[in-house]
Amino acid sequence: MLGRINKVRRHSLAEKAGILSGEKLCTVNGCSVQDIIDLSFLTADDMVELEIENAAGERRFLQIEKYPDEDLGIEFEAAVFDKVRTCYNNCIFCFVDQMIPGMRPGLYVRDDDYRLSFLYGNFITLTNMRDEDFNRIIRTHLSPLYISVHATDPDVRCKMMNNRFAGQLMDKLKLLLEAGIQIHTQIVCCPGYNDGAVLQKTFEDLYELHPGVLTMAVVPVGLTKHREHLHPMRTFTAREAAEIVDTVSVWQKKCRAETGKSFVYLGDEFYLLAEKELPASEYYDGFPQLENGIGLTRNFLNEWDNALKTLAHADGTEAAIIPVGESAFRVLQPLMEQFNDRYATRHAFVPVKNLFFGGHVNVTGLLTGGDILQATNGCSRLILPGVVLNNDNLFLDDMSLESFRNSFKGKVEIAKDAGELLHLLTMPREG
């Protein structure tokens, strides 16, 4: 297990020791290193010995004197040096199975790695882990973890995940909780499978494990048009979504009365589909599952309001359009209308139909470069939401930002949040 070094920060201990980008870390203090978690434990000393392999395959040993909490200044190509643990379930709702063929390999990786759960908040199922994995989590106290529950009913979970061992969930949760590991949970809710009475039981079972179980997030199943030969599945109707919102609102009031927090949270899509008002900010308790789409819209509205308070004027601003998903457009467009009235501007959010994945996918984060280009053809200034690009500046359809800019024939800017968006919307026209 070798960790490929992607970057050596300037003036760092690693640079002073002569370590170069592209080299590999072999051992620390004579121990093999399987991930950056191991690295953090092994380097928590005032003297470390690194074994480094150069591009020619030659190895050398370096001794580095440091403070116990001092960083070496090395960044790696990946957080895990052995292979990412992948998922061997065959979930009836798996989004990866619905990807169009021929895209970049990373889009087809079904990771189920407890290390990525701890490091980045990726959700895991606990079905693909060995006893030594649980032992390591407990020994090194990797907490919190993010766990895909879907249903606490053993038979339902086994059926939904097509794994006969999936029904052991509650025993595994209790093992982790008894060791002091805290847990965030997720339910991908599928109509007719784990909603209704099944969802009620899941809530009751998980809430009983609070405060070890920190949160329960319920997100609707996402379906693309690429479902050939997959399990029959449909999306929620507006009426069904409204029923879930009403039910969860009752649970939230109970939890807040008893614990001071909502505990259970719904994905934004439920409120938008049901055309119900989003909960107030305090109901999200600091947005603990924001990366899971829980409260993204409310958080954006908060950022917009806060940033708006600092604006004085928007004189001479060039009109811009901002592509967004169809579900978010209904909430965001009134904001822009108020902004335009206040500052005499002509900006607009534009709803983009997701032709790549199909009409059932209508969130901004899953828009592709091709669909945005088609929806914004003829515009002269475009501000892209940062969520449509990955860290390599690629859209989900593998279009690069550079290629997009070459095709757009106008100015293309990027806003990572509401504050950046408002800054761009008030910038004076160039020239």
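A residue counts as buried at under 20% relative accessible area, as exposed at over 50%, and as partly exposed in between (1.4 Å probe, protein chains only). At 0% relative accessibility, Asn194 is buried. This is a predicted model, in which local features need pLDDT of at least 70 and side-chain atom pairs count only at pLDDT 80 or more, while totals for chains, interfaces and linings use all residues. Residues are numbered from 1 along each chain as its sequence is written, and side-chain values use heavy atoms, with hydrogens and water left out. Helices (H or I, at least four residues) and strands (E, at least two) are DSSP runs, numbered from the N terminus.

- Strand 13 (residues 381-385) is mostly covered, with 5 of its 5 residues buried.
- Arg381, Ile383 and Pro385 point one way from strand 13, and Leu382 and Leu384 point the other way.
- In a regular strand the side chains alternate between the two faces of the sheet.
- Strand 13 runs parallel to strand 14 (residues 411-415), and 5 bridges join them; two strands pair if DSSP finds at least two bridges between them.
- Leu384 stands opposite Ile414 in strand 14.
- From strand 13 the chain passes through helix 13 (residues 401-408) to strand 14, in a right-handed β-α-β crossover. Right-handed means that, with the strands pointing away from the viewer, the path from the first strand over the helix to the second runs clockwise.

**Nonpolar cores**

- A nonpolar core is a set of buried Ala, Val, Leu, Ile, Met, Phe, Trp, Tyr and Cys residues joined through side-chain atoms within 4.5 Å.
- The largest such core has 88 residues, and Trp304 and Leu425 touch the most other members. Helix 8 (residues 238-259) gives the most to this core, with 7 residues.
- A second, separate core has 18 residues, among them Ile19, Val28, Leu62 and Ile64.
- Contact means heavy atoms within 4.5 Å. Not counting residues up to four places away in sequence, Leu425 touches residues including Trp304, Phe339, Arg381 and Ile383.

**Helix 10**

- Helix 10 (residues 296-308) has 13 residues and reaches 18 Å from its first C-alpha to its last, close to the 18 Å expected at 1.5 Å a residue. The expected span is 1.5 Å times one less than the number of residues.
- Its buried residues include Phe300, Leu301, Trp304 and Leu308.
- Among the elements covering the buried residues of helix 10 are helix 11 (326-343) and helix 14 (418-425).

**Two buried polar residues**

- Glu23 lies in the loop between helix 1 (13-16) and strand 2 (24-28), and is buried at a relative accessible area of 6%.
- The side chains of Glu23 and Arg60 make a polar contact at 2.9 Å. Such a contact is a pair of N or O atoms within 3.5 Å; within protein, one must be able to donate a hydrogen and the other to accept it, and residues adjacent in sequence count only if both atoms are side-chain atoms.
- Asn194 sits in the loop between strand 8 (183-189) and helix 7 (196-208), where its side chain reaches the backbone nitrogen of Cys190 at 2.7 Å.

**Backbone geometry**

- Most residues other than glycine have a negative phi, and most peptide bonds are trans.
- A cis peptide bond joins Ser143 and Pro144, with omega about 0°, and another cis bond runs from His210 to Pro211, with omega near 10°.
- Phi is positive at Asn162, near 50°, and at Phe287, about 55°.
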